[in-house]
Amino acid sequence: MTLGQRLAWDDTVLPFQLDHADIRGRVARLDGVLDAILHQHDYPPAVEALIAEMALLTALIGQTIKLRWKLSLQLQTKGAVRRIASDYFAPAQEGDPARMRAYASFDRDGVHDGDAFAQLGEGYFALLVDQGQGSTPYQGITPLTGHALGACAEAYFAQSEQLPTRFALGFDKSAGHWRAGGVMLQHMPKASPFARDDATGDDGLLAARDIVHGEDAENWDRANLLLDTVETPELIGPSVSPADLLVRLFHEEGPRVFDMQAVRFGCTCSEERVRNSLSIYSARDIAHMTTEDGVVTADCQFCGAHYRLDPATLGLDSPEAKGETK
């Protein structure tokens with residue numbers, strides 16, 4: 001594979017289908033996007049690993065949403081890593097790249113060098129889909145479970161969507177540069193899925209084996225056994241392309257690929273959005289936010305953008321809010 005071919009697979013999501021097994025999936029590779037996300041903050045290694053895993057999940061799941069929609073994954077926990085939020089902005093039109101961003105809030109003194117997932121503690125995993133203005137966002141929540149974020153996402157799809165789902169994720173930082181890759185398998189939805197009453201997943205949640213039965217279960221188990229053979233260097237590349245990986249893993253399952261989706265780092269913050277968020281506050285509230293330098297400041301947690309605003313132009317009592325012209 002040439003250098004150009006390798007670079008072509010960076011920051012992409014490749015959707016596919018296993019025709020012989022009634023299973024769909026995606027292969028994601030994140031390179032520059034992940035570096036851009038993590039470069040915004042001085043994260044400890046364990047927090048970086050959690051964000052890398054969250055970003056992979058977001059890319060793999062987000063590729064399915066429609067144009068101009070937004071998918072968000074969020075974690076809220078009682079552990080040292082209190083929150084992780086990631087967003088996937090679908091392309092505005094066919095052929096455009098999708099955009100992603102992510103960040104974490106954490107207690108630096110509480111983060112240790114041990115297992116990354118152990119930094120979370122009790123909490124929940126949430127998925128939100130925003131279809132745009134005039135629509136009600138969809139939200140689903142499930143408790144944190146298992147020993148990795150991928151397991152939490154699998155539990156979410158089994159519990160909330162009754163869709164058997166499997167993730168294989170890998171990431172690595174070499175010479176200060178991040179690479180990450182993953183595969184998502186998901187059984188095609190049935191018209192009337194039947195789930196067992198006695199859930200067998202962790203913490204009493206539904207698992208894939210509670211949802212698929214008969215020939216579907218055999219197909220699902222076989223695809224998972226094949227995915228179990230994948231190794232991290234194959235997932236993250238760049239020496240093995242996503243298409244070659246699918247052939248290596250699932251050549252007997254009839255893999256069929258679709259159009260690849262490019263992904264870029266992107267943030268939607270702006271001065272206008274900051275002003276809108278402050279428009280509900282009174283002059284007294286704005287005064288409390290004003291620094292000794294006489295300005296109101298705001299920082300974007302996703303991209304690190306720093307805004308300095310004149311307090312006289314903000315809030316309910318600003319000329320703009322009163323409809324006054326300059």
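This is a predicted model: local features need pLDDT of at least 70, side-chain atom pairs count only at pLDDT 80 or more; totals for chains, interfaces and linings use all residues.

Residues are numbered from 1 along each chain as its sequence is written, and side-chain values use heavy atoms, with hydrogens and water left out.

**Salt bridges**

- Side chains of opposite charge can pair when their charged atoms come close.
- A salt bridge here is a side-chain nitrogen of Lys or Arg within 4 Å of a carboxyl oxygen of Asp or Glu, and by this rule the count comes to 11.
- One of them joins Asp-19 and Arg-256, whose closest N and O atoms are 3.0 Å apart.
- Helices (H or I, at least four residues) and strands (E, at least two) are DSSP runs, numbered from the N terminus.
- Asp-19 counts as partly exposed at 37% relative accessibility, and Arg-256 is also partly exposed, at 37%.
- For these labels, buried means under 20% relative accessible area, exposed means over 50%, and partly exposed is in between (1.4 Å probe, protein chains only).
- Arg-222 and Glu-253 meet through their side chains in another salt bridge, at 2.8 Å from N to O.
- That pair links distant parts of the chain, 31 residues apart: Arg-222 is in helix 5 (residues 214–227), and Glu-253 is in the loop between helix 7 (242–250) and strand 10.
- Within helix 8, Glu-271 and Arg-275 sit four residues apart, about one turn of the helix, and their side chains form a salt bridge of 3.1 Å, N to O.
- Glu-271 is partly exposed with a relative accessible area of 38%, and Arg-275 is partly exposed with 24%.
- Asp-10, Asp-31 and Arg-179 are linked in a network of salt bridges.

**Cysteines**

- A disulfide is a covalent bond between the sulfur atoms of two cysteines.
- How many disulfides does the structure hold? The number is zero, where a disulfide is taken as a pair of cysteine sulfur atoms within 2.5 Å.
- Cys-269 is in no disulfide, and its nearest cysteine sulfur, that of Cys-303, is 3.5 Å away.
- That 3.5 Å between the sulfurs of Cys-303 and Cys-269 is too far for a bond.
- Cys-269 counts as partly exposed at 24% relative accessibility, while Cys-303 is buried at 18%.

**The surroundings of Asp-87**

- Asp-87 has its place in strand 4 (residues 81–89) and counts as buried, at 5% relative accessibility.
- Which side chains make polar contacts with the side chain of Asp-87? Among them are those of Ser-72, at 2.6 Å, and Arg-101, at 2.8 Å.
- A polar contact is a pair of N or O atoms within 3.5 Å; within protein, one must be able to donate a hydrogen and the other to accept it, and residues adjacent in sequence count only if both atoms are side-chain atoms.
- Leaving out residues up to four places away in sequence, Asp-87 touches Thr-58, Lys-70, Leu-71, Ser-72, Arg-99, Met-100, Arg-101 and Phe-302, where contact means heavy atoms within 4.5 Å.

**A nonpolar surface patch**

- Ile-280, Tyr-281 and Met-289 form a nonpolar patch on the surface, and together they have about 270 Å² of accessible area.
- Patches are made of residues with over 30% relative accessible area and no salt bridge, with like charges joined within 9 Å and nonpolar side chains (Val, Leu, Ile, Met, Phe, Trp, Tyr) within 5 Å.
- Accessible areas come from the Shrake-Rupley method with a 1.4 Å probe, and for residues, only the protein chains shown count as cover.
- Tyr-281 is in the loop between helix 8 (271–278) and helix 9 (283–289).

**Distances across the model**

- Glu-94, in the loop between strand 4 and strand 5 (98–106), is exposed at 68% relative accessibility.
- His-213 lies in the loop between strand 9 (177–187) and helix 5, and the C-alpha atoms of His-213 and Gly-315, 102 residues apart along the chain, are separated by 58 Å.
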